[in-house]
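Student: I have just opened this entry and would like a careful walk through it. Could you take me through the main features?

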Amino acid sequence: MNQTLTELDLGLNDLGGPGASAMLDSCGLTAKAGEDLSSILGTNQTLSELYVTNNALEDTGPVYLYYELSNFYQNNWRYGVSRDDVQLSGLASALRHPANECAPYQLSVTGLPVAPCGAIANSLFNDSFTLWYQRRPGERYVEVPLDRTAIAWWTDYHVKFRNPPLVNGSLKLAFSGTAPPPNWHRPVYKLSPDPNQDFLVWMRTAALPTFRKLNISWMGGKNPFLGIAYLVVGSLCILVGFVMLVVYIRYQDQDDDDNDDE
């Protein structure tokens, strides 16, 4: 059993279809070897099973599972505006009146309003993943409990995305008279009683055609690095701009004094 693996990148692998398996049991893999292995596996599109038991790959905190997509242009303008933020905020009156920007995913073929509407919601990534471990050779595999909460931004979960008010205590009744997006295999009220965080992560569109999104975590939590980086860089830009303004004002006054002396 591997109790120390902290990161495993299986990007660009067809995990849902047939493929090869790899056994790396008791190979003495280190954290650096794990990084190299992750890089190599990122170019393999057939591996479906990987065993890395009995390797000390360090224990540095929560384990995060991301999925990666390539050549998927979430930054396309038409795709990016195909949503209804008012409907997504849970406003009951907007639930059955989706915005025109959602077309052609605004109304179903029967004329019912689509909720949630738009191309972004319709293309929701819906692959699922499970992790299993074997405590000792020969013992049965046990499924690793995974935490699907705390993977979305706080503002998304508490402010931007809300379910509509319950009707007689039922979320199903709240969505009555609406239709799910065409590509969804089940209605939205069956995703979760609270705003589904996989959905929230997907709705925050990526800026580049190749991107990773946080799917689930073992021990919970998400990586705040990008948000912190934005705050630090933005603060530095403000500071530099203020310093340049002070320098400009100071030397402008000096130039005016020199012109008066002449």
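Predicted model: local features only at pLDDT ≥ 70, side-chain atom pairs only at ≥ 80, totals over all residues.

Student: OK, how many helices and strands does the chain have?

Tutor: The chain has nine helices and six strands, where helices (H or I, at least four residues) and strands (E, at least two) are DSSP runs, numbered from the N terminus.

Student: And what share of the residues is buried?

Tutor: Of the 262 residues in the chain, 32% count as buried; buried means under 20% relative accessible area, exposed means over 50%, and partly exposed lies in between, with a 1.4 Å probe and protein chains only. Among contacts in the chain with a separation of 6 or more, 75% are between residues 24 or more positions apart, a contact being heavy atoms within 4.5 Å.

Student: Switching topic, how many salt bridges are there?

Tutor: The count comes to four salt bridges, each being a side-chain nitrogen of Lys or Arg within 4 Å of a carboxyl oxygen of Asp or Glu. One of them joins Glu-68 and Arg-212, whose closest N and O atoms are 2.8 Å apart. This pair links distant parts of the chain, since Glu-68 is in strand E3 (residues 63–69) and Arg-212 is in strand E6 (residues 211–218), 144 residues apart.

Student: How accessible are Glu-68 and Arg-212?

Tutor: Glu-68 is partly exposed at 22% relative accessibility, and Arg-212 is also partly exposed, at 46%.

Student: Then what about Arg-83, buried or exposed?

Tutor: Arg-83 is buried, with a relative accessible area of 14%. The side chain of Arg-83 meets that of Asp-85 in a salt bridge, 2.9 Å from N to O, and Asp-85 is partly exposed at 47% relative accessibility. Another salt bridge brings together Arg-136 and Glu-139, at 3.5 Å from N to O, with Glu-139 partly exposed at 33%.

Student: Which cysteines form a disulfide?

Tutor: Cys-102 and Cys-117 do, with their sulfur atoms 2.0 Å apart, and a search of the whole structure finds one disulfide, meaning a pair of cysteine sulfur atoms within 2.5 Å. Both cysteines lie in the loop between helix H4 (92–95) and helix H5 (119–122), so the pair ties together parts that are 15 residues apart in sequence. Cys-102 is buried at 0% relative accessibility and Cys-117 is buried at 2%, whereas Cys-237 is exposed at 52%.

Student: Where are the cis peptide bonds?

Tutor: One runs from Ala-103 to Pro-104, with omega near 10°, and another joins Ala-115 and Pro-116, with omega about -5°. Pro-104 is in the loop between H4 and H5, and Pro-116 is found in the loop between H4 and H5 as well.

Student: Last one, which residues other than glycine have a positive phi?

Tutor: Among them are Asn-71, with phi near 55°, and Asn-168, with phi also near 55°. Asn-71 lies in the loop between E3 and helix H2 (77–80) and is exposed, with a relative accessible area of 62%. Asn-168 is in the loop between helix H6 (154–160) and helix H7 (171–174), and is exposed at 75%.

Technical notes:
Residues numbered from 1 in each chain as written. Heavy atoms only, no water.
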